[in-house]
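I record what I looked up and what I found.

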Amino acid sequence: MTDDGLLYIRSLSGLREKLAKAGRDGTAMGKVWGSLLRRARSAPDAYPWFTPFVAVATGGEGDIQAAKRQILNYVATLDAQQFGMGLQFHFWCFAFPHARWTLYFHWLDQLGAWTERERASVWEALTVFQFTNFFYGMRTKPEPECVDNQTLSLCFSNALFGHLFGSSSALSRRMGADGFRRLPGMLGGFPPSGYSGEGSTYMDYVVGPAIPFVVELLERENGGDWFNQALPPHGGSAAAVVRMVAREWMPNGLLLPWDHYGYSLPVTSGVAYGARRIGDPLYFDLLENAATWGNNIGVGWGFDDLVWTLVWWPERKPESTRRAQAWVEPEVGGALVSDDRELYLMQMWDRSTPKTPIREHVNPNALVLSAYGSPLTVDGVPAKECAVFNFDDTWLNRDGMDFNAVQTNFGPGCAGAHGVVLVDGWEGMRVEKEFKQAELREFDPEGNVLAADVTPIYRERWPDTLAVRRRSRLCAERFWLVEDLAAFAEEHELRSRWMLRPELVSAGQGLEIETAEGVRLWLLPLLGPGMPETTELKGFPDRLDCRSLRADFIQRGRECRWLFLAFPHEGREVVEDITDGWAVARDPEASFGFGEAVKALTGSPLRLSIEMPPFLLAELPVARRWWYAKELRRPQPGRWWIRLPRGLAEPAVWVNGVQMDLGDRVKLAELMPIDIEMSADTVVLVLRTDTGTRQYEEDGSQGINSFQGRAASLSESTGGGSLEASFKDGVASVRFGRETWTVAHELMKVEL
Amino acid sequence: MSTSGTLEQMESCFMLEREALEAKLGHRDWRIRYTAAVALGDMGAPASVPALVRALEAEDKEPLYSQKTEVGGAHAGSNGPVTLKFPDGVTKEALECWRRRGRLKQALCLALGQMGAAAAPALPSLHRHAVSQDEDYTVRAAACKALGLIGDASSVPALAKASSDPEWCTKTEAAKALRHSDNKRHED
């Protein structure tokens, strides 16, 4: 604790000085603090998770009273929680936020905010609830086998009680004893890669944010460095987890769609802690240039990511500007990144769960491709109504997740839902037993090569498997070569599957897609079958475009080989930044029609940037619906588009008074900046958008996010053309427009 | 605002002698019973086995799992107002069962496990709890863990069955308990 006694805040005066200076200097940290303070003060009931930090950071009596009220509101829910399916069957989701509400109770206690009666009553409620729910929950999780976000949350919550109250409470000491005993094993139980196997969403939203709490608590309790040291039983470390969290942040601003849940927006507190403890410029770059601060994403089932970002975010930046780029973890996967960070390839071979791969998917050598800010491949889970992966042999009765058993299909976790090699049409492919499923074969960050062998995972089902491998290359900082090899002693039908974003532009010898952001990808087989079998999948993934394109390149034989040229092209380029100077009108009841909105916009004196919701930028009322208008001109001859910020909710757009059909882009806008093509030379563009105004909706569910980003005019990029490519005598030749490349490529060998 | 005194009684469980703790297993408030079971497990006094077995049998008779649907309930971490809608005629006693479900049973099973071989009289009950799909998995897993700690050869069939339980914690504890039993047999 600090001299002031506030756990996790090393110096209260230092924190206050840091925030004040950031505000004065107008830094990213200052903007975050300003937007958080404004929300907590103008709508404390809507932003309860911000209020305790604001109370601490300002010390103002009004802020302290607001924070007390939010904690008392939380305590008032405790009894009701016990009748919900959530607490009874998913208790870990309640343990982590309970720990933080308790921490905030402690902060206010250190500020002298509670009367004796209040203090005793709130402390009793929090402690009894903790012991009967989360001590119980922690003891359910097998020790030491269970190492995941759930057990980490449970162990942390019990350790926290021991630390905060153990000196005066036998019950808290008892909880703390078990929690502290298990926490080192939690950190050490993660693989040395830092990847828990639960998918990037759980890694980023729970494990990453939990790490600082755990590390700081262990260091305070035991002394020493609990961040860097590799711990038993598996040699995991907190530093490795934080590093992996940062690696999951793609250059296109999204989290990797790794294993489960698909593409998501990153959170920042784990990265801020990485900036503090590791200091690599990458962490500062992510915080200052890539984060979307209007996010309302639950971290560890609470909405205080921005609070902890501000707590951990160091003032002092490193002098070096080197940023981490390519990476590999031998047990997990790796990434190749172009120097300008425009081209990104991630290849994964992480362990999948035997028998029922629900979280840890079967994805041996699946690829994630992204170019010029646009995701090109998809992964994740389908929408509920999409049954495309409900394979016959992947149904499961899940007991213990609800008051009654629930039947589910784990097909989305199996190989058929991924861009991998499939054998004899078995889409439900998964492993039965525990064994080493894959192996890194090559990683050359200078030569931009990445290869892994996934033979064992195939050999379990097909004992005649000789080799299944994928080798990916980033060539000339401009395109990828992807080679698949599948060799068996007997003949099989083998398909190299790709899961791509729409739209399909053409298919024939290979295929061509164009994403909603105007990025094209040609996938040309230089070796192997040329004609793909393509299928549009409606409802997969459950986000982004909510549909995708499955392309299978099928051949039959004993030794099959594919060599793909994956060539991306940026079809649009930014020619003018149009972020500033929009007329803005608030729609307080979300009731305006277009005509009323135009009147409001005409009469509005507000001229603001469209970079973030108005009430995050200035002292304005919190409101869900806003209207923007701006006159825009074609920036240069030819086609042109308007690109709007990322994270718009239910957007609607009128151009010269005519409403546009945004189609898929309404959903896409949640995660990506959306482009709208203009036709006239001069347009008045009117945008209606909703934005998050609270951390919980009326029904208690998570509130919607806020938008953030630059708006721009785009034109068709120059330098396009037709693509021709061939592979002969170990050389790939590629011609695009007037550019040509030749790349020597030695094919993989089947070594027995 | 005032305290209910529940916490004070729970705190006191970690300072009581065995007989007094055993008496707390009959307390009307299940939170006190739960804490007493945890404390008795920590104490590890074999003489407590009969009291623990009796408490487990008493809990078997309670309608712990009679809640079949959602009645409301808060979202994780939310501090907003919550509205609960209970079925007509539900009693206070039933609501206490809904609140605790398998909590006390888990604590009793684990406490019996902490008694080691002295908990042999509890084996039939633990075998039943380890494999019963009518129990929450929190209880099945605890029963399996207890059987592993007790290490009696008669538990092998129940543990073998539990090792293919659809729920991960249960089958993990069962598999571990089977390994313990194997090791123990080889040592013997």
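This is a predicted model: local features need pLDDT of at least 70, side-chain atom pairs count only at pLDDT 80 or more; totals for chains, interfaces and linings use all residues.

Residues are numbered from 1 along each chain as its sequence is written, while chains are lettered from A and ligands numbered from 1 in the order in which they are written.

I take helices (H or I, at least four residues) and strands (E, at least two) as DSSP runs, numbered from the N terminus. Two strands pair if DSSP finds at least two bridges between them. Strand 14 (residues 510-514) of chain A runs antiparallel to strand 15 of chain A, and 4 bridges join them. The two form a hairpin with 4 residues between them, and A:Gly518 in the turn has a positive phi of about 80°.

I then looked up the other pairing of interest: strand 15 of chain A and strand 17 (residues 547-570) of chain A are antiparallel over 8 bridges. There A:Leu524 stands opposite A:Leu565 of strand 17.

For burial I use C-beta atoms placed from the backbone: a residue is buried with 20 or more others within 10 Å of its own, exposed with 12 or fewer, and partly exposed in between. Strand 15 (residues 519-527) of chain A has 8 of its 9 residues buried, so it is largely enclosed by the rest of the structure.

**Strands 29 and 30 of chain A**

How many of the 6 residues of strand 30 of chain A are buried? I found a count of 0 for strand 30 (residues 739-744), which is hardly covered. Strand 29 (residues 731-736) of chain A pairs with strand 30 in the antiparallel sense over 6 bridges. A:Val731 has A:Ala744 as its bridge partner. The hairpin of these two strands has 2 residues between them, with A:Gly737 in the turn at a positive phi of about 60°.

**The six-stranded sheet of chain A**

I traced an open sheet of 6 strands in chain A, ordered 20-19-21-26-23-24, with antiparallel pairing. Strand 20 (607-608) and strand 24 (658-659) of chain A stand at the edges with a single partner strand each, so one side of each has no neighbour in the sheet. Strand 23 (residues 649-655) of chain A pairs with strand 26 (residues 682-690) of chain A over 5 bridges. Within strand 26 of chain A, A:Arg688 stands opposite A:Ala652.

**Helix 6 of chain A**

I checked the length of helix 6 (residues 91-110) of chain A. A:Gly112, which follows the helix, has a positive phi near 75°.

**Contact between chains A and B**

I count residues as in contact if their C-beta atoms, placed from the backbone, lie within 7 Å. By this criterion 45 residues of chain B touch 46 residues of chain A. Several helices of chain B each supply at least two residues of that side, including helix 3 (30-43) and helix 10 (168-187).

Terms used:
Two residues are in contact if their C-beta atoms, placed from the backbone, lie within 7 Å.
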